[in-house]
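Please examine the sequence and the model shown below.

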Amino acid sequence: CKKDDGPYYKIKNIENLIYEAVRDFRVEEGEDGPFVHQYFVAGEAQIYSYKMANGVVEVNTDGLDVHWDALNEKYTFYNETGLVLKTTSGNAGVILDELLLLPEGEATLLGDVTQCGVGVESDTEGNYYITILLAKADS
């Protein structure tokens, strides 16, 4: 058994609750295919949320390509997309509602995807920075 030397990611409770809210929304809208919260995708989402929370990148999706490139070095994904949000709410239901208010929110969350990664970081002023990475992978 070869030891995996890859990074270790811990999915935070709030990240899992947001994933569950997105998953449940997809099911309610008729998207009942496979949809998993993938720890290594969440790891890249966490890094991006950290960058937004610390002012390294703006609160937009412009910098996500770097993270998809990192993921695609090891895995094969299609339909890569993502959403980002800055909010004062730590409630997964409210966060889902705010994501759905984004211009591309509903279409992105209901896309042809099977993999999800949610990252959440906060700043010293109590704002939450949410990154949701979505993609399709071969089963």
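Cover here rests on contact, meaning heavy atoms within 4.5 Å. Helices (H or I, at least four residues) and strands (E, at least two) are DSSP runs, numbered from the N terminus.

Of the 15 residues of H2, 11 are buried, so the helix is largely enclosed by the rest of the structure; buried means under 20% relative accessible area (1.4 Å probe, protein chains only). Among them are Phe40, Val41, Glu44, Tyr48 and Met52.

## Extent of H2

Helix H2 covers residues 39-53 and reaches 20 Å from its first C-alpha to its last, close to the expected 21 Å. The expected span is 1.5 Å times one less than the number of residues. Gly55, which follows H2, has a positive phi near 75°.

## Packing against H3

H2 packs with H3 at an angle of about 155°, their axes 10 Å apart. Axes are lines fitted to C-alpha atoms over the stretch in contact, with angles from 0 to 180 degrees between N-to-C directions. The two helices are therefore roughly antiparallel, the term for angles over 145 degrees.

In this contact, Phe40, Val41, Glu44, Ile47, Tyr48 and Lys51 of H2 meet Leu64, His67, Ala70 and Leu71 of H3.

## Basis of the model

The model is predicted: local features need pLDDT of at least 70, side-chain atom pairs count only at pLDDT 80 or more, and totals for chains, interfaces and linings use all residues. Residues are numbered from 1 along each chain as its sequence is written, and side-chain values use heavy atoms, with hydrogens and water left out.

Methods. Buried < 20%, exposed > 50% of the residue type's maximum accessible area, 1.4 Å probe, protein only. Parallel < 35°, antiparallel > 145°, perpendicular 65-115°, else oblique.
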